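I opened the notebook today to look up a few things in a new model. Please keep the viewer open and follow along with me.

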Amino acid sequence: VGFSLTYGNTIKISDLIKIGLELHYHDNKFVLSRKDQSRFELHQNVGLSIRPGINIEKHSVSLIHGITGVYVFDKNENTGNQLDRYDEAWIWGTEYSFKPNNKIILNVSYIFSNFQSISLYTGNKLISFSTLELGMKYNIY
């Protein structure tokens with residue numbers, strides 16, 4: 001479980017079609033592997049996505065495509081040595097949203113990314129990751 005902050009805007013093309021642009025920050029802190037006193041962790045990612053979608057009354061379905069910067073690190077707890085890596089990755093996925101009123105949007109999304117990183121201290125390898133996001137958005141307009 002992590003914390004996420006999103007800022008974006010939806011451009012309404014017609015009553016049926018929309019395009020969303022979003023900037024996101026995810027503070028994950030997922031420990032991927034441990035070995036002795038070392039850990040390999042997916043820590044955070046920051047990115048931009050475009051979300052073309054279809055609206056039908058209070059429901060919408062969108063495709064997600066974008067790029068994100070991924071931060072992982074290796075840390076040896078005994079020595080305090082830490083190796084940080086920050087690199088970009090393409091993301092894609094889908095999102096379902098329900099809008100009960102003009103201010104609140106409830107959503108569930110699944111995002112997948114191919115991102116490869118090898119841990120120096122644990123010997124494990126991250127080849128991809130996915131995120132299941134449950135959210136509530138508040139419109140400020």
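**Entry 1: a histidine.** In which strand is the place of H26? I looked it up and found H26 in strand β2. A note to myself before going on: this is a predicted model.

Then I listed what H26 touches, leaving aside its neighbours within four places in sequence. The contacts of H26 are F3, S4, H43, Q44, N45 and E133.

Entry 2: I turned to how β2 is joined to β1. Strand β1 covers residues 3-12 and strand β2 covers residues 17-35. The two run antiparallel, and I noted 10 bridges between them. The link from β1 to β2 is a hairpin of 4 residues.

I also looked up two bridge partners in β2. Y7 has L23 as its partner there, and G8 has E22.

**Entry 3: the whole sheet.** How many strands form the open sheet, and in what order? I found 7 strands, in the order β1-β2-β3-β4-β5-β6-β7, with antiparallel pairing. β1 and β7 are the edge strands, each pairing on one side only. From one strand to the next, the twist averages 20 degrees. A reminder for my own use: strands of a sheet pair through backbone hydrogen bonds, either parallel or antiparallel.

**Entry 4: empty space inside.** Rolling a probe the size of a water molecule over the atoms shows where empty space is left. I searched the whole structure and found 1 cavity of 30 Å³ or more. What is the volume of the largest cavity? I wrote down about 60 Å³.

Which residues line the largest cavity? Here H26 turns up again, along with H24, N45, T68, I91, I111, F129 and T131.

I then checked which strands supply at least two residues of the lining each, and noted β2 and β7, the latter being residues 125-138.

Terms used:
Residues numbered from 1 in each chain as written. Predicted model: local features only at pLDDT ≥ 70, side-chain atom pairs only at ≥ 80, totals over all residues. Heavy atoms only, no water. Pairing = 2+ DSSP bridges. Contact = heavy atoms within 4.5 Å. 1 Å grid on protein atoms, 1.4 Å probe; cavity = no way out; pocket = protein on both sides within 12 Å on 5 of 7 lines; lining within 4 Å. Points joined across faces, edges and corners; volume = space filled by probe spheres on them. Axes fitted to C-alpha atoms, helices over the stretch in contact; angles between N-to-C directions.
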